[in-house]
Amino acid sequence: MNTPMALARRYGLQVVALIVLTVVLVSTTPGFRGEAAIYASFEGFILVGIVAAGLAVTMIAGEMDMSVGSMAALSGVIAIQLGGAGLVPAILGATAIGLAIGLLQGYLIGVMRINSMVLTVGTLILLRGMTSVVAHDKPVVLNNFEITDPLLQQWGVFSPGSITAIVVLLLIGVFLTRTRWGREIYAIGGARAEATAAGVPVRRSLIVSFGLSGGCAALAGALSSLKGASATPDGFGSVLLTGVAAVLIGGISLYGGRGTIVNVFLGVGTIAILSAGMSAKGSQAFVTELYTGLLLLVIVAIDFALGLWWRRRRLDELHRRVGIERDEPATPVAA
């Protein structure tokens with residue numbers, strides 16, 4: 001039940017962190033204000049947001065997809081090479097390939113019953129090698145830069161890419177909470193053995209989870225590469241760590257079965273605002289990574305402390321109720 005207390009426990013820490021971070025950056029960075037700052041923050045959703053949405057699905061299922069960076073790089077190269085066919089065919093073609101590879105990964109994990117991190121580390125290396133082969137181990141560039149013009153448009157604080165990212169997150173949120181397949185993903189993540197005993201199709205849930213992750217990573221790589229009109233075989237090397245950090249900051253559990261797309265929005269928004277704010281300060285990329293790691297550690301520590309406090313409070317309440325029940329006089333039995 002979404003009572004105010006339940007909502008506060010689920011999203012309160014993340015909302016507070018997002019607000020505090022925004023206030024600090026706005027007050028200390030004159031260049032990070034107004035429409036331009038909001039636009040720059042939403043642009044961060046194109047890559048990190050879409051990748052994090054796919055990662056969140058696998059984490060809710062109790063698994064982890066380590067191949068998203070290589071998947072994004074491969075799809076970026078493929079999208080650039082398909083650019084001659086047009087913008088939409090290039091995006092759809094690259095995304096379809098990522099979706100197919102993700103479905104295959106989920107099928108293999110379900111059939112072989114192995115740890116997903118083991119298999120996806122292997123595909124991470126394999127896909128990176130495939131990217132070098134497809135790109136002939138050199139950067140690829142669009143022949144016709146005009147096809148990317150739609151991606152460069154700006155509608156207030158949004159762009160076609162950021163709107164696409166938000167729509168993808170919303171669709172995944174609806175899928176997870178409003179469909180049977182989405183609820184099955186929560187079931188296998190929260191209690192795999194019990195879900196199996198209850199007849200939940202674990203293999204299908206794994207296939208769907210990794211298919212969504214692969215498709216999201218491919219879409220993010222295609223959009224980002226087409227917007228920049230180029231792609232490199234070693235691109236998107238840090239997107240896995242950034243995506244995982246965003247999901248964890250948002251409050252998705254590594255143990256599976258817990259978290260919603262709202263958590264992903266909050267985590268990605270925090271990372272995007274931090275990145276845009278540090279760019280406005282003129283900081284280098286490693287400084288942003290340093291603050292991202294620090295922020296993650298702080299939120300994890302606070303969340304752990306709040307969890308201990310909440311469990312202690314519930315235990316004290318239980319003890320109080322038991323004590324009251326023991327002290328209550330027995331009800332006399334009528335003759």
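Student: Which residues form the positive surface patch in this predicted model?

Tutor: The model is a predicted one. Lys and Arg count as positive, and like charges are joined into a patch within 9 Å. The positive surface patch is formed by R9, R258, R311 and R314.

Student: Is R314 buried or exposed?

Tutor: R314 lies in helix 12, which covers residues 285–327. Its relative accessible area is 52%, and the cut-off for exposed is over 50%. R314 is therefore exposed.

Student: How many positive and negative side chains does the protein have, and how far apart do the centres of the two sets lie?

Tutor: The protein has 22 positive and 17 negative side chains. The separation between the centres of these two sets is 6 Å.

Student: What pattern do the helices and strands follow along the sequence?

Tutor: The protein has twelve helices and two strands.

Student: What share of the contacts between residues at least 6 apart in sequence joins residues at least 24 apart?

Tutor: A contact requires heavy atoms within 4.5 Å. Among the contacts in the protein between residues at least 6 apart in sequence, those that join residues at least 24 apart make up 79%.

Student: Is I249 buried or exposed, and what is its relative accessible area?

Tutor: I249 lies in helix 10, residues 239–250. Buried means under 20% relative accessible area. I249 is buried because its relative accessible area is 1%.

Student: How far apart in space are I249 and G267?

Tutor: Leaving aside neighbours within four places in sequence, I249 is in contact with Q14, G267, T270, I271, T292, L295, L296 and I299. I249 and G267 are 18 residues apart in sequence. From C-alpha to C-alpha, their distance in space is 5.0 Å.

Student: Is Q105 buried or exposed?

Tutor: Q105 is found in helix 4, which spans residues 87–112. Its relative accessibility is 2%, and the limit for a buried residue is under 20%. Q105 therefore counts as buried.

Student: Which residues are in contact with Q105, apart from its neighbours within four places in sequence?

Tutor: S132 is 27 residues from Q105 in sequence and 21 Å from Q105 in space, C-alpha to C-alpha. The contacts of Q105, with neighbours within four places in sequence left aside, are D65, S67, M71, L119, T120 and T123.

Student: Which helix contributes the largest share of the nonpolar patch?

Tutor: The nonpolar surface patch of about 530 Å² is made by L104, Y107, V111, M112, I114 and V118. One of these residues, Y107, lies in helix 4, and Y107 counts as partly exposed at 41% relative accessibility. The largest share, four residues, comes from helix 4.

Student: How far apart in space are T28 and I114?

Tutor: T28 has its place in helix 1, residues 4–28, and counts as partly exposed at 45% relative accessibility. I114 is among the residues of the nonpolar patch. T28 and I114 are 86 residues apart in sequence. Their C-alpha to C-alpha distance in space is 48 Å.

Student: What percentage of the accessible surface belongs to carbon and sulfur atoms?

Tutor: Buried residues make up 47% of the 335 residues in the protein. The accessible surface comes to about 17100 Å². The part of this surface that belongs to carbon and sulfur atoms is 67%.

Technical notes:
Residues are numbered from 1 along each chain as its sequence is written. This is a predicted model: local features need pLDDT of at least 70, side-chain atom pairs count only at pLDDT 80 or more; totals for chains, interfaces and linings use all residues. Side-chain values use heavy atoms; hydrogens and water are left out. Buried means under 20% relative accessible area, exposed over 50%, partly exposed in between (1.4 Å probe, protein chains only). Accessible areas come from the Shrake-Rupley method with a 1.4 Å probe; for residues, only the protein chains shown count as cover. The place of a charge is taken as NZ of Lys, CZ of Arg, CG of Asp or CD of Glu. Patches are made of residues with over 30% relative accessible area and no salt bridge: like charges are joined within 9 Å, nonpolar side chains (Val, Leu, Ile, Met, Phe, Trp, Tyr) within 5 Å. A salt bridge is a side-chain nitrogen of Lys or Arg within 4 Å of a carboxyl oxygen of Asp or Glu.
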